[in-house]
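Please look at the sequence and the structure first.

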Amino acid sequence: METKNTGAGNHSAMQDKQNMARETAIEVKDVSKVYKLYDKLRDRMKEAFGIGHASHKLHYALSGVNMNIYRGETVGIIGTNGSGKSTILKIITGVLSPTSGEVKVNGRISALLELGAGFNQEYSGLENVYLNGTMMGFSEKEIEAKLPEILEFADIGDYVYQPVKTYSSGMFVRLAFAVAINIEPEILIVDEALSVGDVFFQAKCYHKFEEFKNMGKTIVFVSHDLSSISKYCDRVFLLNQGKLLGEGAPKEMIDAYKRILVGQYEVPAQEEENLLEDPEIRKAAGKAAGVGTAQGVNPTVLEYGTGQARITEFYVTDDHGVRTTAVIKGTEFTLHMRVKFEESVPNPIFAFSFKNVQGTEITGTNSMVEKAFLESAEAGQVKDITFTQKMSLQGGEYLLSLGVTGYDKDKFEVYHRLYDTLNITVVSDKNTVGYYDMDSKVRVTDV
């Protein structure tokens with residue numbers, strides 16, 4: 001079926017009342033994209049000319065995908081390489097046609113897919129600005145009005161008058177990004193394009209991205225940068241091997257994505273059962289709090305692993321050795337973890353990480369990075385692990401995750417992982433800018 005543009009919004013009965021009342025910007029309805037894979041080139045030629053039988057296999061880049069994206073929201077699409085993320089974006093923007101299903105778009109799209117794909121290498125940068133603007137439907141007068149903003153954003157100086165074939169890769173993407181981002185679209189499609197150029201240009205790109213978000217533009221954002229997905233997105237779609245596994249809050253989908261990366265994702269019906277309260281986790285949590293109830297512990301903690309090792313106890317102590325879930329900023333604290341090995345494990349790695357409540361990973365480390373434990377563990381052994389450090393995070397609420405992982409030959413294994421298992425409160429009477437305090441020493445003197 002063909003990709004369509006429509007002036008009418010569509011509403012999904014499957015969404016909650018708030019979504020039902022919102023206008024649909026993009027509707028993806030039962031979209032599949034199928035490619036034929038040939039073992040031999042002559043088989044492809046046979047089918048092209050209708051000569052005899054051509055042997056081929058069908059590859060589903062997308063299979064029955066449904067999405068509703070509403071006007072004014074920022075939506076992320078995540079998944080492993082080959083999951084169909086770029087394919088669905090290309091179908092939405094009309095670069096590809098679906099094999100079946102349809103896409104309806106309500107609004108003017110600007111796509112940051114393959115930056116500079118429409119540039120002519122022999123033309124100057126300035127000529128390419130006009131060329132691309134014309135391809136996007138602008139008149140010469142409209143492009144001329146936008147030119148100062150485009151050139152200021154690209155910041156490549158007099159090189160704009162030189163053929164783009166003489167540009168460095170950095171200058172090329174700067175100009176391409178500047179052209180794409182400054183056409184004032186209603187819908188912005190971004191595919192891994194915010195990491196172009198040097199760190200200063202990246203900061204400028206993210207600032208523009210935030211500006212679009214604050215203006216209420218509809219944004220569809222594909223990235224492997226999970227921190228950016230967590231920070232900017234209102235909702236996230238999770239794709240794997242061409243299928244839509246789920247949609248929901250960024251944190252929920254990112255956690256599911258991490259399970260896919262280690263081959264331990266289960267279908268949603270089974271996953272729901274796995275999220276039920278685990279007696280062993282609750283027992284460990286009770287020890288963590290030092291009381292009968294699990295104070296500060298996630299009642300639906302997400303856990304998974306091969307089972308070769310198991311975290312049986314975990315807790316935090318303050319600088320006086322008292323068990324707590326509240327740590328005063330600037331003081332030393334210790335994370336304690338007890339691990340029982342059900343089977344022998346070569347060189348296990350013990351790890352922890354802190355996230356903020358939005359799901360962004362702030363900091364963490366592991367025993368391999370710290371070069372603290374590089375031995376093997378035998379079946380039946382129990383290890384007590386401690387991580388001691390100064391609390392430099394800003395005051396606020398944080399979620400602590402724990403893990404026991406390792407490498408079996410060249411294969412990465414997760415033996416046991418607990419996501420967002422403890423809520424740690426950092427108590428502070430002084431918060432600086434950002435995630436952590438650099439503990440600056442300030443000195444002011446008379447001259």
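Which residue just after H3 takes a positive phi? In this predicted model, the residue is Gly94, with a phi of about 85 degrees.

## Helix H3

Helix H3 covers residues 85-92, and six of its eight residues are buried, so the helix is largely enclosed by the rest of the structure. The buried residues are Lys85, Thr87, Ile88, Leu89, Ile91 and Ile92.

## Nonpolar cores

The largest nonpolar core has 45 residues, and the members that touch the most others are Ile78, Leu175, Leu188 and Phe221. At least two core residues come from each of several elements, among them the helices H5 (140-154), H7 (199-214) and H9 (250-261) and the strands S7 (187-191), S8 (218-222) and S9 (235-240). Helix H6 gives the largest share, ten residues.

Leaving aside residues up to four places away in sequence, Ile78 touches Lys85, Ser223, Leu226, Ile229, Val236, Phe237, Leu238, Leu239, Met253, Ile254 and Tyr257. One of these contacts, Lys85, is also among the buried residues of H3.

A second core is separate and has 31 residues, including Phe333, Phe354, Leu418 and Leu422.

Definitions and conventions:
Residues are numbered from 1 along each chain as its sequence is written. This is a predicted model: local features need pLDDT of at least 70, side-chain atom pairs count only at pLDDT 80 or more; totals for chains, interfaces and linings use all residues. Side-chain values use heavy atoms; hydrogens and water are left out. A nonpolar core is a set of buried Ala, Val, Leu, Ile, Met, Phe, Trp, Tyr and Cys residues joined through side-chain atoms within 4.5 Å. Buried means under 20% relative accessible area, exposed over 50%, partly exposed in between (1.4 Å probe, protein chains only). Helices (H or I, at least four residues) and strands (E, at least two) are DSSP runs, numbered from the N terminus. Contact means heavy atoms within 4.5 Å.
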